[in-house]
Amino acid sequence: MLLDCIIIGGGPAGLNAALVLGRARRNVILFDDNKPRNAVTQQSNGFITRDGVAPTEFRELAHQDLRKYSTVLVSPAKVTAVRQINGIFQATTEQGYNFVARSVILATGVRETLPAVRGIHDYYGKSLFSCPYCDGWELRDKPLVIIADHESAFFLAKKVYNWSKDLVFCTNGLPLLHPQQRDRLRQRGIAVIETKIAALIGAGGMLKQIHFEDGFKVERAGGFVTPQWTHASPLIDMLACRSDEMGVVAKDHYGRTSVPGVYVAGDTSFQPPAQVIVAAADGCKAAIAVNTDLVEADF
C-alpha cells in the first residue's frame, strides 16, 4: 500500500504531525521506537493544559488521540534506512520490512552529549537541566550552578539569573570566557570557577555539593548544563538533505527540506528553543505542508 506519509519519530513533533494528517484523512504510519531524548525527564513544563505532565503520560494521551483516526497506524519498529526510488520513499525497519509513501517527515530528534564531568548523568533530568524555560521555575531562588563546556553558557547564565541570583559559573577547566564576560558575571555576584570539577556529590539525583580538583567545595542544589547536540538518527544524511557545517538542516517555515517530499520537525531541525510545545507546533506545520503539497500535486 502506498501511504501518503511516513513519520519517523514519536516525540511531540511526530505525534502532532500524525494527528493533523489523520484529521486530513491521510494514510500515514508513525514509527515510534520509544527512545526519547527526554527519557530522564520527570515532567514536561510550559505546555498549556499539560504543564507538569510526565513524558510517559503525555505519550499515552497522544496515542489515545491517534487511535480515533483509522488512517493512522502507529508502529513500535525502528527505521534503519530510508531511500527515494523514482519519487517514492521507502522506509526499512530493523526487522527488514519495507513501507512506501509519497512523503516523509523526519522527527527523529537529537542526541545530547553532556559536559565531561564524572557522574553528571546521575543528576541530569533530576536536579541538573538544560533549559531554564522548562525547569527554571522549579529551581527558583535556589543556589544553582552553570556547568559549561562551550561559550554559549555565558548567555545561559544571564538567562538563569532571572530565576536565581545565587549562581556559580563553572567552566570545568576550560578557558571559555573573555575577560569582559567574566567581569560582567562577577559584577552581578556570579562566582566564576575555572578549576576542573572533580566530582558531583548528592543522592537520588539531587545535587548537594561540587568538589573541585584543587580541594575547593561549593554547596549547590541544582543547576543547568550546556549539552552538545547531534542528530539522533543518520536518516537525514541518507536522504541527502542540505545542511550547514553545524548540522542545521536547511528548511522553510513549514519544514520543507531541500529534497522534495522530505520534511523535518521538532529538534531534528536544530532550531531552538527545544521545548515540547514548540516541537508539537513544528509537527503541525510539517503536516500542513505535507497535505498542502499532496493536494497541489493531485489537483
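This is a predicted model: local features need pLDDT of at least 70, side-chain atom pairs count only at pLDDT 80 or more; totals for chains, interfaces and linings use all residues.
Helix α1 spans residues 12-23 and packs against helix α7, which comprises residues 276-298. The axes of the two helices come within 7 Å and cross at roughly 40 degrees; α1 and α7 are therefore oblique to each other. The crossing of α1 past α7 is right-handed. On the α1 side, the contact is formed by P12, A13, N16, A17, V20 and L21. Their counterparts in α7 are V276, A279, A280, G283, C284, A287, I288, V290 and N291. Classified by residue type, the contact of α1 with α7 contains 12 nonpolar and three polar residues, and no charged residues.

Helix α1 also meets helix α2, which is formed by residues 55-66. Here the axes come within 10 Å, with a crossing angle of roughly 15 degrees. Because this angle is under 35 degrees, α1 is roughly parallel to α2. In this case α1 passes its partner α2 in a left-handed crossing. Residues P12, L15, A18 and L19 of α1 meet F58, A62, H63, D65 and L66 of α2. The residues of this contact between α1 and α2 comprise seven nonpolar, one polar and one charged. P12 takes part both in the contact with α7 and in that with α2.

A281 is situated in helix α7. With a relative accessible area of 38%, A281 is partly exposed. Although A281 and P12 are 269 residues apart along the chain, their C-alpha atoms are separated by 8.5 Å.

S103 occupies the loop between β7 (98-101) and β8 (104-106). The relative accessible area of S103 is 2%, so this residue is buried. A polar atom of the S103 side chain lies 2.7 Å from the backbone oxygen of D4. When residues up to four places away in sequence are not counted, S103 touches D4, C5, I6, F89, G261, Y263 and V290.

Q209 is placed in strand β15, which covers residues 206-212. Apart from neighbours within four places in sequence, Q209 is in contact with A199, L200 and I201, and also with K217, V218, E219 and R220. The side chain of Q209 makes a polar contact of 2.7 Å with the side chain of H211. The C-alpha atom of Q209 is separated by 37 Å from that of G9, a residue 200 positions apart from Q209 along the chain.

Definitions and conventions
Residues are numbered from 1 along each chain as its sequence is written. Side-chain values use heavy atoms; hydrogens and water are left out. Axes are lines fitted to C-alpha atoms, for helices over the stretch in contact, and angles run from 0 to 180 degrees between N-to-C directions. Helices (H or I, at least four residues) and strands (E, at least two) are DSSP runs, numbered from the N terminus. Angles under 35 degrees count as roughly parallel, over 145 as roughly antiparallel, 65 to 115 as roughly perpendicular and the rest as oblique. A crossing is left-handed if the near helix is turned anticlockwise from the far one by less than a right angle, and right-handed if clockwise. Contact means heavy atoms within 4.5 Å. Ala, Val, Leu, Ile, Met, Phe, Trp, Tyr, Cys and Pro count as nonpolar, Asp, Glu, Lys and Arg as charged, and the others, Gly among them, as polar. Buried means under 20% relative accessible area, exposed over 50%, partly exposed in between (1.4 Å probe, protein chains only). A polar contact is a pair of N or O atoms within 3.5 Å; within protein, one must be able to donate a hydrogen and the other to accept it, and residues adjacent in sequence count only if both atoms are side-chain atoms.
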